[in-house]
Amino acid sequence: YSIFQNNNRVLRPIAHTPAATRLFAPITAGSLRGSIFTLTSSAVGAGMLALPLVMKNTGLVLGVTLLFLGACLALLSLNFLLETADLVSVERSCVGKPISYADLVTAILGPKWGVFLQLILIIYCFGVIVGYLLVIGRIVGGLLTVLNIEVPSDKIPIVLTGVLALPLTLLQEISSLALSSMFAFCAMMYVCFSLSFRGLQTASFEGQMEYFRIGPDFCSSATIVFFAFNCHINFLSIYSSLQYPIMSRIKKVTNRSILLQFVVYTLVAVPSYLRFKNETAGNIFNNFPAKDTLITAGKAAVAAALTVSMPLYFYPTRRNCYLLFNSLTTSLSDSAKPAFKEQNLPSLQADRSIYSQDSHVDSDVDVDVDADEDTPQQGPSMLTHVLMTVTIMALALALAINVPGIAVVFSFLGATAALMISLIFPITMYICVIGRIKYPASSGEGYPLCLKIEKIALWGLAICLMGIGVTSVVTMAVGHVPG
């Protein structure tokens, strides 16, 4: 049967392919297994090192239940995002054209919400950088201990990590790091199985272990789970690059990816908690002796993988800083020219978005709608690029050396940016699109009160969750949770 791909009608073969052929066929870009791998690798990262703490704070049964609910919510919001993108594409006659998360937010909610999303993405990417510096710094400190190299302060390895990673973060093009996500994912899989193996070696259901616990740390634990399942930013680009992008195939990708994430997180969290119980740290690596060869190899692999992956978060941080600055300066005066132009920045003007029925603007191309056609586009100067990168690194280091552990960082991100990206924005956009389709402006009917109440209730719930989560994170930080 035929489907649309990149605005062209293509044929999808309906002949049955044997399971053995599908299993051993090479994993290619846009294939079903390749898309599952890509979506999973965008979620599974350093955040899983804090998941054993969730078991400690909530108890074994409640902790696993929390992981399951987090997986269900992630799957639900991914389906909302998918349905929204399809409905808007059909509404704007753009079926088959690529779309990004930022494009969708701007097209549905308006340019101001697009600017707000830029701020959210800056917070999210900057927070991940801080978390990476903490993880790598603690690993470097442990490796120095194994080598009998004494350091006067545990902050020095973190600063050393930032200094060594700075040349990589100065890269303006990140295409050379295309394999870094695969390396990081393989490193995390090794860590998953090594932690499971070590945990199961001495796992016990006896001793100081709880099955159900709801205390002051419950909300901060829930926000860590929110952060762990956040893979929504890259979801639509994966959908656009999928071979034969029909609904049934992309739902296979989401279902299997979320299931894989849940299995990986459970394999890390449960055995580790059963081994250390109430002594479980915010970073599970800190519970293992420095001379444990199996875990030390995993630490080294994770440190190398996160170091190579760090530019992948510096790039969108810089990019969204430029976009945010442009948006703010443009809002001061309609005739003001953007202070920065960077190649590959998407236009955030709703009336010139990718959903124009007459033309298509690729989300990877920056178009200056006010400039002359013959005017070449210029990116920020090298000096601006270096100053921005050094400033981001300095701020991240200043925060990393003063934060008690990665659990605080990832819990804060889960309570703020990840909650907005993975839950609030997808549900809000879905409500808006459904309301627009059921009650079009041409029909003369006003926007129904029930949908307005739903949006108000949703944002009220979001504010309450964010407030409770941030308060819980502050309590955790004051309590100096190790890790």
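How many aromatic pairs does a search of the whole structure find?

**Figure 1. The whole chain, a predicted model.** Local features are described at a pLDDT of at least 70 and side-chain atom pairs at 80 or more, while totals for chains, interfaces and linings use all residues. Residues are numbered from 1 along each chain as its sequence is written, and side-chain values use heavy atoms, without hydrogens and water. The protein chain contains 17 helices and two strands, taken as DSSP runs numbered from the N terminus (helices H or I, at least four residues; strands E, at least two). Of its 483 residues, 47% are buried (under 20% relative accessible area with a 1.4 Å probe, protein chains only; exposed is over 50%, partly exposed in between).

**Figure 2. Aromatic pairs in the model.** The search finds 10 aromatic pairs. Rings of Phe, Tyr and Trp (its six-membered ring) pair if their centres lie within 6.5 Å; planes under 30 degrees apart are stacked, over 60 edge-to-face and the rest tilted. Y124 and F227 make a tilted pair, with 5.9 Å between centres and 45° between planes. Because Y124 lies in helix α6 (residues 111-146) and F227 in helix α9 (residues 218-228), this pair ties together parts 103 residues apart in sequence. Y124 and F227 are both buried.

**Figure 3. The pair of F229 and Y265.** These two rings are edge-to-face, 5.1 Å centre to centre, with 85° between the planes. F229 sits in the loop between α9 and α10 (235-241) and Y265 in helix α11 (residues 247-276), so placed that the pair links distant parts of the chain, 36 residues apart. Both F229 and Y265 are buried.

**Figure 4. Helix α12, residues 293-309.** At 1.5 Å a residue, its 17 residues should span 24 Å, the expected span being 1.5 Å times one less than the number of residues. The end C-alpha atoms are 24 Å apart, which agrees. Buried residues of α12 include I295, G298, V302 and L306. At the start of the helix, a side-chain oxygen of D292 comes to within 3.2 Å of the backbone nitrogen of L294.

Key
A polar contact is a pair of N or O atoms within 3.5 Å; within protein, one must be able to donate a hydrogen and the other to accept it, and residues adjacent in sequence count only if both atoms are side-chain atoms.
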